[in-house]
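Let me put the thing up on the screen, and then I'll walk you through a few spots.

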Amino acid sequence: MADYIMAADLGGSRIRLILSNHEAVNLADEIVPLVDGMTVDDVNAETVKAAKTLMDSKGLSASDVMGATIGSAGVPDQEEKILTESPNVPKSTDGIIAVIPALIKAFGWKYAYVNNDCSTAAECAKRFGHKRQEIKPGDPYASKPYAYRFANRPGDDTEEDYFVVMYWTISSGTNIGIKIGDLLYKGEFGTIPEFGHQFHVEKDPFENDMVCGDGAVGHLEPVISGGGIAKIMRNAVKSGGISSGSLYDKIVNEKKDQKLPVVLFDTLEDENAKKIVDFLSLNLARVLGAIIVCYGPGKIEIGGGVMKSFEHVLVPAVKMLDENVNNTFYLQRGKTSLPDICVAKDYGNDYVWRGAIAGFLAELT
Ligand SMILES: [Zn+2]
């Protein structure tokens, strides 16, 4: 078995290509910038060139590398080993990422793996994440102070690892990855979960409709994603729901929607900010409750850009669950198993490609 694997991580406006070993150690990496006007073939050609540069830099030949693997937002086509509907590529590529088939063809590799970023992150949490006994603040995969263990957790703590691991990303969109034992759950056609696109609630705290990126009213995504939070804030100003105060001033002066979630958490003394944060906490608790009663995970890892300041809603949400203050998320103590919950560190930088390595290796065994 060759010692090396070529991993790819797609985000922002670049592909990051990483030459890795089986332990997901970054030996060298290269950035392929993605610019408007590039075709699928252009992206493939640049990526093949970067892979060659990486192997040359370590004096390796193609036969030293087992194959290629990628994790990215988008819908995986498991037959073609491509990703479709990716929000992370220039419009000129029509949302398609086909670098994996291009790499294995160019270098004669046998093995290829492709999956969405949540599923690879679940693989990462399972294979390279912490063991059951090691959840504590400061853990390399959990950042202080979010690693959380339920006070009255009934699970068997003598087990060494988790059987059911969930990864939940809350970013510009939202989705989960589900790992059950050695199985990554991906539905009949390899395209599931689409967790953000289930019906959840129609109105925000200011009685405005919550409209998803796909146009539907009431999906989960517009409730808790970064894009959704920004829309709640903008719509509140537009409808007159927020018409004065420090949050109002900050919203009207902030041009970039991506910054609005940060603005929200910086303005917690404002009553309207508090109203939105309470709404987010309640919905986060409801969804965590739904995940727990549906899947019974041993561990839930939460990641994504919005999580950087999400402790303001995650900690109250976990408290609501733990204290059973509301029947909406009643858990049968002693019967419903309560998971460990932690926030993945460096989600954007390393979690996805490491997970792509983990998924790649899991498919081989
Ligand atoms: Zn939707």
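**A helix pair, a strand pair and one aspartate**

So, helices α5 and α6 are roughly perpendicular to each other. And before anyone asks, this is a predicted model. Where does that description come from? The axes of α5, residues 226–239, and α6, residues 246–253, cross at roughly 105°, and an angle from 65 to 115 degrees counts as roughly perpendicular. Those two axes also come within 10 Å.

Who's doing the touching? On the α5 side you've got Met 233, Arg 234 and Val 237; from α6 come Tyr 248, Ile 251 and Val 252. Sort that contact by class and you get 5 nonpolar residues, 1 charged and no polar ones.

Okay, over to the strands. Have a look at β7, residues 111–116: 5 of its 6 residues are buried, so I'd call this strand mostly covered. What does β7 pair with? That's β4, residues 65–72, and the two run in the parallel sense, over 6 bridges.

Last stop, Asp 41. You'll find this one in helix α1, which covers residues 40–57. Buried or exposed, then? Asp 41 has 11 C-beta neighbours inside 10 Å, and the cut-off for exposed is 12 or fewer, so Asp 41 counts as exposed.

Technical notes: Residues numbered from 1 in each chain as written. Predicted model: local features only at pLDDT ≥ 70, side-chain atom pairs only at ≥ 80, totals over all residues. Buried ≥ 20, exposed ≤ 12 C-beta atoms within 10 Å, placed from the backbone. Helix = DSSP H or I, 4+ residues; strand = E, 2+ residues; numbered from the N terminus. Pairing = 2+ DSSP bridges. Axes fitted to C-alpha atoms, helices over the stretch in contact; angles between N-to-C directions. Parallel < 35°, antiparallel > 145°, perpendicular 65-115°, else oblique. Contact = placed C-beta atoms within 7 Å. Nonpolar A, V, L, I, M, F, W, Y, C, P; charged D, E, K, R; others polar.
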